[in-house]
Every structure is written in C-alpha cells, then in structure tokens.
Amino acid sequence: MTPAAIGIDFGTTNSVVALAGADGSVTTRSFATRQGAVDAYRSALMFWREGRPPQTRISHVSGPDALDMALGMTAEHRFLQSLKTHLSSRAFQETRLFGKLFRLEDLIGVFLSDLSDGLSGREALPLVSGRPVVFAGERPDEELALARLRASYGEAGMAQVDFAYEPLGAAYWYARDLKQPQTMLVADFGGGTSDFSVMRFEPAARGGLTAIPLSHAGIGVAGDTFDYRIIEHAVSPALGKGTEYRSFGKLLPVPAHYHAAFAQWHKLSLMKSRETMAELNALIREAVEPGKLTDLLTVVEYDLGYELYRAVSAAKLSLSDSEATTLSFSQMGVTIEKPIRRADFERWIAEDVGAIEAALDRALADAGLEPGRIEAVFMTGGTSYVPAVRRLFERRFGAGKVHIGDAFRSVASGLALLARDRARACVAA
C-alpha cells in the first residue's frame, strides 16, 4: 500500500503510527525490536554516555529497546518515560543529561524522530496527531502543551502537523463501516488522561464519514493514576512511607514529597539528582527504620523504575481477571511481596472512578443527551479492561451497547483515516 496519510497516537505509555491508503485501507506500522516486531512502540527513552573525554558523546535508544537496555545496563544511564505528562506544566522546562541541556521539546522530538524514522514521505504526507481533550496535570496549560507538541514534531522533521482529539480518532475507526447514522460516546483511556467525545456520525454520499462532534470532556485520571494507587498502598510503605526519623531529639515523619514523586512514573526518572541522593542518605542515618529508606535509595540510584513499573502493571492486569494477586518485585536486594485483593484495589481507585464518571457526565450534559439517547459506546485503551471502569459504563448505558476496541491501534488508525479525509476535502474545495 502506498500511504496517502499518516495518523500518530503519541501516548503517555505507548505510541502507534498508522498509514491510510487512498482507498481507505489502513495499516499500523510495525517496529523491529530485540524482542521481535511490535505495533505499539513504548513511549520511553534511555540515554547514556559513551567514550572518554574529550570524545565523550551521549547515546540514546527508544521504545521497547530502551526498556531492554535499562534492565541490563550497569553503567550510569537515565531512563525516561511518560514525557507526554509534562507537556502542560511550566514546572518542567529543561533537564540536564550528562551535562547537556535538553528542553522537553527536544526530548519528545528525539522520540518522535525515532518513531517516524524511515517513514517515506513523512514531511509531505497529511499528518494528524492525536491530543487529549484535557492534558494531564493539576492545572494544565493547554496552549503551552499544544505549542510544545507542535514544536516537538518540528524537531522531528514533521512541521506540517494537524491535531485532533484522541477519542475522535477512536470514533472514526469504530464508525468506518457504518451504513446508517449513529450517535455514539467514545471513551479513550490512556496512561495520563481519560477522554470522552459524544459524536454523531453520518455516512457521506461520496464515501467516508461526516462526523458531527456534540461534546468533548476529559480528565487527567487514567492508567498511571491507578498505578499510583497500587504504589501508594502496596509499595511505598515498604520503602519508608509513614516512617519517622530523628531530628534534634524529636521524631518527625519522613517528608511525603519523596514518595509522592516516586510514585509517579514521569517524575521518578527526575529524582536521581545529587541533592535528592544526599537528602535521602542523611535521612537514612537518622531513620527509625533505615532499611526501608535504603531500599528507596536503591530504587532511585539504580534506576529500577521500569522493573517496578512491570511489577505494578502485572498486578493491575492480573486483577482484571482474578479476585486476588500478589505484587512481586525483587531487584538489587530490594524485595517486595504484597498480596492485593481486587476489592482493596477497587476501594483505592473509587475516588478516581468517581472523577471519571463526573467527566463522563459533563460530556453528556454538554451534548444535551440522556444516557438512553446514546446508541453505542466505544471504549479503547488499557483502562477499559479494569472491571470497575467496565461496570460503570455497563451500568450507565447497558452492556449491549458497550464495545471494546483494540487497546493500541484504534486511535492511530482513525487519525490516519481522518487525515486522508481532511486532505480529500481540501482538494475538493
């Protein structure tokens, strides 16, 4: 197939590239990695230093290979993931990696360049990139986030980029074979955000679809938030959360900010600084339970974030199918074995599921529709498999209306079709 348009779903956890042909066919790009071919390219970077002064250079690898190298790398390195989560925050402007200054746009540009490397015609083909309805963060700055994302594509050699809400991409993919009009709700659950769109789709006379957006809503609560709850309750207590240290004859609680940052994937890689390491070593010397803080220091010092992520992710996935599981983590002398019941996990995330439902209610209210007026619900993303989330939508709309899409390919494939149709519309005009 000769590609006529490109769709890119740059995600917090995974990214996907889809190519649409002029005839409406769509394929997702496959990436050769050390573990074999994959369609979902992990949104991760790893940097390390090679050579000796004055010929020292900074090397990097991205995607699944970044994860593999991080697992086996014994030399000093920096593993970065969930970079998308920083887009809307002015707090993260730049960081130093082995003495070199990188802006956030530079880092994401490096990743997007690898993601699109070797893609013929990427500079000229119509390109639509997904964007969340609401960017992640406590007070997201949407204008800043979009400017940074556009600049990142420019750094990757793709300056001509259009944007569309990620749930619109998912809706476009679901609705591609519709033969009659339909009003649908699309729920797109990513790593950093949960986004909702109410859409009216009507088949177009000359092929393709006419998409009429009725409302959009979103919230910065999604898969990473659920991971955070597992770390908060099952991991952090084993690493010193809630313990005390001695200071001038008094017992004081270990500062909460260490574990708050530690439990968020996009901040974990930034904890490894001289200041933080020195502070943790000082706390260990005065700690009531020094072993737990020593384990925390080990996780940070040896960049064990990905190994911890795998353990947490495996436990969360297991709880989608089982009533109980055990979170198992053992690296560099740090061992955590924590039984978790699904009932406990659902209690931990109850407030987050409530926030997701509130965003859903906003989407329905803005569209002026009651749940019974929604003819179909299309859910995509890993969090759509969490039983508590699935039950929410089945309760509100009925199980027969709920459809689960491909967790990785739906958004990018729909964005590629949208890019093709937008280009055709411009030519026709």
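Me: What is the volume of the largest pocket, and how should I read such a value?
Reply: Rolling a probe the size of a water molecule over the atoms shows where empty space is left. Here a pocket is an open set of points on a 1 Å grid over the protein atoms alone, where a 1.4 Å probe fits and where protein lies on both sides within 12 Å along at least five of seven lines; grid points are joined across faces, edges and corners, and a volume is the space filled by probe spheres set on the points. In this structure the largest pocket has a volume of about 1000 Å³. The model is predicted, with local features needing pLDDT of at least 70 and side-chain atom pairs counting only at pLDDT 80 or more, while totals for chains, interfaces and linings use all residues. Residues are numbered from 1 along each chain as its sequence is written, and side-chain values use heavy atoms, with hydrogens and water left out.

Me: Which residues of the lining lie nearest the centre of the largest pocket?
Reply: Lining residues have an atom within 4 Å of a point. The largest pocket has 44 of them, and T13, N14, Y309, G382 and F408 lie nearest its centre. By class, the lining holds 15 nonpolar, 16 polar and 13 charged residues, where Ala, Val, Leu, Ile, Met, Phe, Trp, Tyr, Cys and Pro count as nonpolar, Asp, Glu, Lys and Arg as charged, and the others, Gly among them, as polar.

Me: Which helix gives the most to the lining of the largest pocket?
Reply: Helices (H or I, at least four residues) and strands (E, at least two) are DSSP runs, numbered from the N terminus. Helix α10 gives the most, with 9 residues, and the elements that each supply at least two include β2 (14-21), α5 (223-235) and α10 (305-321).

Me: At what angle do α8 and α9 pack?
Reply: Axes are lines fitted to C-alpha atoms, for helices over the stretch in contact, and angles run from 0 to 180 degrees between N-to-C directions. Helix α8 (residues 274-286) and helix α9 (residues 290-301) pack at about 165°, with their axes 9 Å apart, and are therefore roughly antiparallel to each other, a label for angles over 145 degrees. Contact means heavy atoms within 4.5 Å, and it is made by M277, L280, N281, L283 and I284 of α8 and by residues of α9 including P290, L293 and T294. The contact of α8 with α9 has 9 nonpolar, 2 polar and 1 charged residues.

Terms used
Parallel < 35°, antiparallel > 145°, perpendicular 65-115°, else oblique.
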